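User: I would like to learn how to read the aromatic contacts in a structure. Could you take me through them step by step?

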Amino acid sequence: MNLTEENLKKIRFEILSQFSSDCWIAGGAITDFFLGRKIRDIDVFFPSEKLTVKGKNKLINLGGKVTYEYPSGFCMKYKGNSYDLCSIGATAQETIDNFDYTVCSIAVDKNQKFVHHPDYFKHLQEKEIHYIGNHPNKFYVNKAKRLLRYMDKGFNIDQENLEKWLSMLITDHKKPKRKY
């Protein structure tokens with residue numbers, strides 16, 4: 001798969017050239033591009049947490065600002081755009097293998113090489129949410145907001161995938177221990 005230079009600009013591909021390490025854009029920005037939707041933010045992934053910090057420092061040196069820090073990365077503003085810098089896999093393929101839904105499991109690296117889930121384009125075209133259960137985020141409210149955001153974009157989730165998603169939330173959630 002190849003995108004034209006004009007289309008690469010729409011997903012802010014040029015940001016990758018700011019970093020000396022391997023990195024890639026993955027997830028929602030690419031999906032929003034294919035849907036013809038406004039891109040809210042761009043997720044830039046690095047092979048390690050150490051390289052994510054180096055990426056954050058690079059953008060700060062170029063005039064970027066950290067707007068939020070979360071356990072796996074940083075939200076930043078740079079040249080009027082919003083970027084999330086993080087690491088959840090050593091390669092673009094490992095990153096998308098760690099995503100939660102097929103419809104966001106796509107990435108493009110600095111060499112314009114695309115990787116995606118085998119059902120990505122089918123589920124994108126059919127606007128179906130298929131839960132693959134891998135995303136490491138343990139912030140359950142964020143997971144619910146994320147599911148609703150995809151539903152607001154016109155995606156549907158069938159009962160089987162919804163039950164799988166809810167079962168994962170219940171299983172992952174550990175009850176706090178009571179103090180007596």
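Analyst: We begin with burial, where a residue counts as buried under 20% relative accessible area. This is a predicted model, and in it Y150 has a relative accessible area of 2%, so Y150 is buried. Y101, at 0% relative accessibility, counts as buried too.

User: How is a pair of aromatic rings described?

Analyst: A pair of aromatic rings is described by the distance of the centres and the angle of the planes. Planes over 60 degrees apart count as edge-to-face. The rings of Y101 and Y150 have centres 6.0 Å apart and planes at 65°, so this pair is edge-to-face.

User: Which parts does the pair of Y101 and Y150 tie together?

Analyst: Y101 belongs to the loop between α4 (92-97) and β6 (106-109), while Y150 belongs to helix α6 (residues 140-152), so the pair ties together parts that are 49 residues apart in sequence.

User: How many aromatic pairs are there by this rule?

Analyst: The count comes to eleven aromatic pairs. One of them joins Y78 and Y83, whose ring centres are 6.5 Å apart with planes at 55°, so the pair is tilted; both Y78 and Y83 are buried. Elsewhere, ring pairs link F33, F34, Y120 and F121 into a cluster.

User: Where does the charged end of K153 sit?

Analyst: The charged end of K153 sits over the ring of Y150, at 4.7 Å from the ring's centre, and K127 lies over the face of F155, with 5.4 Å to the ring centre.

Methods
Residues are numbered from 1 along each chain as its sequence is written. This is a predicted model: local features need pLDDT of at least 70, side-chain atom pairs count only at pLDDT 80 or more; totals for chains, interfaces and linings use all residues. Side-chain values use heavy atoms; hydrogens and water are left out. Rings of Phe, Tyr and Trp (its six-membered ring) pair if their centres lie within 6.5 Å; planes under 30 degrees apart count as stacked, over 60 as edge-to-face and the rest as tilted. Buried means under 20% relative accessible area, exposed over 50%, partly exposed in between (1.4 Å probe, protein chains only). Helices (H or I, at least four residues) and strands (E, at least two) are DSSP runs, numbered from the N terminus. A charge sits over a ring if NZ of Lys or CZ of Arg is within 6 Å of the ring centre and within 35 degrees of the ring normal.
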